[in-house]
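Biologist: I'd like to learn how to read helix packing from a model. Could you walk me through one?

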Amino acid sequence: MRGRWARAAAVYAALGLVWWASVELIYQAVGCEDWGCLVTLLGSQAAISAAVLVGAGYLLRLVNVARAAATGWLAAVLVALVLLGQWVLPVWTDTVPDSVSAVVAFGLSGAAAAVVTERGLPGWLRVLVLLVVGAAVPLTLAWVLATGNG
């Protein structure tokens, strides 16, 4: 059980680093200095994100993660939620390098998805994990608004 969670977290952490490096390369290649290249940049980033997240299911199968498809889909949703939160809330990227932030976001999303899709776990534990991950963005937003840090 825990081995499955660790394998899913490791796969997604590695994919987080690949995703970050790919997005950085595209950003440097496009050389975006004004709004004219925004469509190209966002389209490229969306294509990279889709390719990485679709490839995750295959990689999960390679490392023998049971229920790889369900884990992959849920992790993709969690990664999108966390990355959206990072873009919306500047406090997350100011204190931590973007590469570390991407690795942690992807790794925790993979581990959380593996826990939630685990067979035999009580339903309350699955709900608790989803609530904790889902509450991260609103809680961080509340902290930023309350303290003015960001």
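Modeller: One term to begin with: helices here are DSSP runs of H or I with at least four residues, numbered from the N terminus. With that in hand, look just past the end of α1, where Gly 31 takes a positive phi of about 65°. Keep in mind that this is a predicted model.

Biologist: Which residue has a positive phi although it is not a glycine?

Modeller: That's Asn 64, with a phi of about 60°. You'll find Asn 64 in the loop between α2 (38–62) and α3. Its relative accessible area is 60%, so Asn 64 is exposed, the cut-off being over 50%.

Biologist: Back to α1. What span should its 29 residues have?

Modeller: Count 1.5 Å a residue and you expect 42 Å; the end C-alpha atoms of α1 are 42 Å apart, so the two agree.

Biologist: Now the packing. What describes two packed helices?

Modeller: The angle between their axes and the distance between the axes. Take α1 (residues 2–30) and α5 (residues 98–116): their axes come within 7 Å and cross at roughly 150°. Angles over 145 degrees count as roughly antiparallel, so that is how α1 runs relative to α5. The crossing of α1 past α5 is right-handed.

Biologist: Which residues of α1 and α5 meet there?

Modeller: On the α1 side they include Arg 4, Trp 5, Ala 8, Tyr 12, Gly 16 and Trp 20; on the α5 side, Asp 98, Ala 102, Phe 106, Gly 110 and Val 115 are among them. By class, this contact has 15 nonpolar, four polar and two charged residues.

Biologist: And how do α1 and α2 cross?

Modeller: Their axes come within 10 Å and cross at roughly 160°, which makes α1 roughly antiparallel to α2. α1 passes α2 in a right-handed crossing. Val 11, Leu 15, Val 23 and Ile 26 are among the α1 residues in this contact, and they meet α2 residues including Leu 41, Ile 48, Val 52 and Leu 59. The classes here are 16 nonpolar, five polar and no charged.

Biologist: Which residues of α1 are buried?

Modeller: Among them are Arg 4, Trp 5, Ala 9, Val 11, Ala 13, Trp 19 and Val 23.

Key
Residues numbered from 1 in each chain as written. Predicted model: local features only at pLDDT ≥ 70, side-chain atom pairs only at ≥ 80, totals over all residues. Heavy atoms only, no water. Axes fitted to C-alpha atoms, helices over the stretch in contact; angles between N-to-C directions. Helix = DSSP H or I, 4+ residues; strand = E, 2+ residues; numbered from the N terminus. Parallel < 35°, antiparallel > 145°, perpendicular 65-115°, else oblique. Left-handed = near helix turned anticlockwise from the far one by under 90°. Contact = heavy atoms within 4.5 Å. Nonpolar A, V, L, I, M, F, W, Y, C, P; charged D, E, K, R; others polar. Expected span 1.5 Å × (residues − 1). Buried < 20%, exposed > 50% of the residue type's maximum accessible area, 1.4 Å probe, protein only.
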